[in-house]
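This text walks through a protein model, taking a few parts in turn. Keep the sequence and the structure in view while reading.

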Amino acid sequence: CGIRMGDLVDEKRFRSRLETQMEYINDLLVDFFKDVPIPIDDIYKPYIEMGQRLRPFLADVPKTLHDASKAGKRILFEGAQGVLLDIDSGTFPFVTSSNTSSGGACTGAGVPPQSISGCLGIVKAYSTRVGSGPFPTELDEATADKLRNAGPAGEFGATTGRPRRCGWFDGPLVKRAVMVSGSNALAVTRLDVLSEFDEIPIATQYRLDGKVLDTAPEDLTLLADCEVDYEIMPGWGVDLSGMRTWDELPDNAKSYIKRIEEITESTVVVASVGPNRDETIVRPKNLYDAIAQIQ
């Protein structure tokens with residue numbers, strides 16, 4: 001009984017589907033909520049107008065993308081949420097309602113898996129989480145607050161403004177995200193935030209019931225019971241925000257990135273040193289080719 005965009009721009013079809021929906025909704029209003037029914041035209045007329053405004057933006061997306069690919073054009077898909085919020089592959093039940101891993105590009109846009117030539121995973125130089133759920137590397141509140149307020153953007157929800165939970169870089173958890181998403185390469189963001197720390201712990205592995213795990217377990221209960229092994233990395237103690245090339249980065253910052261590569265079995269091709277678009281270091285120069293070549 002769902003109404004799709006194609007229905008919305010067809011007046012006759014939309015009317016028919018809306019009548020089916022409104023019959024169900026009005027029965028609820030009258031029988032359950034003891035309210036008055038909504039006249040169907042109160043919904044139909046404004047939505048038909050919206051449909052006409054949206055009509056120029058509707059297309060057969062899979063066909064459009066197929067034609068673009070056939071013509072040799074490059075297509076970029078961007079995921080809006082982290083892999084571990086994926087309803088199937090994430091830390092259920094603390095997830096969202098859809099597939100946020102790289103496979104979501106296939107199910108959401110109608111593109112076959114074999115057409116995707118590369119996947120760039122984006123991860124912060126430390127860990128954050130919004131809301132509930134296990135967080136193995138979560139910091140005590142004093143240290144979390146220092147990290148949360150270290151950068152110019154701050155670790156606060158963009159919409160709600162509530163503070164994000166903060167922790168050190170979680171190698172086993174990122175390794176699972178890389179595994180699930182098939183990332184060919186990584187972009188490590190917000191290195192600048194860690195500049196205020198003399199020492200920077202990095203999670204290298206977990207311990208669970210006497211066993212060593214290099215990849216986070218899928219079972220949420222097991223994840224909550226894991227103990228973390230840390231390696232202490234030396235800080236760099238200088239402001240990175242003005243740096244734009246790999247060679248400008250301090251040796252300790254390069255070593256930190258190298259350790260991330262080793263733990264996650266990935267290649268870092270981008271490092272950001274601030275929240276703004278121009279505060280980005282690309283390594284190597286042609287990012288797209290780098291992702292496609294790392295197989």
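In this predicted model, 4 strands make up an open sheet, with mixed pairing and the order 1-5-9-10. Its edges are strand 1 (120–124) and strand 10 (280–282), each of which pairs on one side only. From one strand to the next, the twist averages 20°.

Strand 10 pairs with strand 9 (residues 268–272) in the antiparallel sense, over 3 bridges. Within this pairing, A271 stands opposite I281 of strand 10.

Next come two helices. Helix 2 covers residues 11–31 and helix 3 covers residues 40–54; they pack at an angle of about 145°, and their axes are 11 Å apart. The crossing of helix 2 past helix 3 is right-handed. On the side of helix 2, the residues in contact are E11, F14, R15, L18, E19 and M22, and they meet I40, D41, I43, Y44, Y47 and I48 of helix 3. Sorted by class, this contact has 8 nonpolar and 4 charged residues, and no polar ones.

T137 sits between strand 2 (127–129) and helix 6 (141–148). Is T137 buried or exposed? Its relative accessible area is 0%, so T137 counts as buried, the cut-off for that being under 20%. Apart from neighbours within four places in sequence, T137 is in contact with S127, C166, G167, W168, F169, D170, A203, V228 and Y230. For W168, a polar atom of the T137 side chain lies 2.8 Å from the backbone oxygen of W168.

Methods
Residues numbered from 1 in each chain as written. Predicted model: local features only at pLDDT ≥ 70, side-chain atom pairs only at ≥ 80, totals over all residues. Heavy atoms only, no water. Axes fitted to C-alpha atoms, helices over the stretch in contact; angles between N-to-C directions. Left-handed = near helix turned anticlockwise from the far one by under 90°. Contact = heavy atoms within 4.5 Å. Nonpolar A, V, L, I, M, F, W, Y, C, P; charged D, E, K, R; others polar. Pairing = 2+ DSSP bridges. Buried < 20%, exposed > 50% of the residue type's maximum accessible area, 1.4 Å probe, protein only. Polar contact = N/O pair within 3.5 Å; in protein donor to acceptor, adjacent residues only side chain to side chain.
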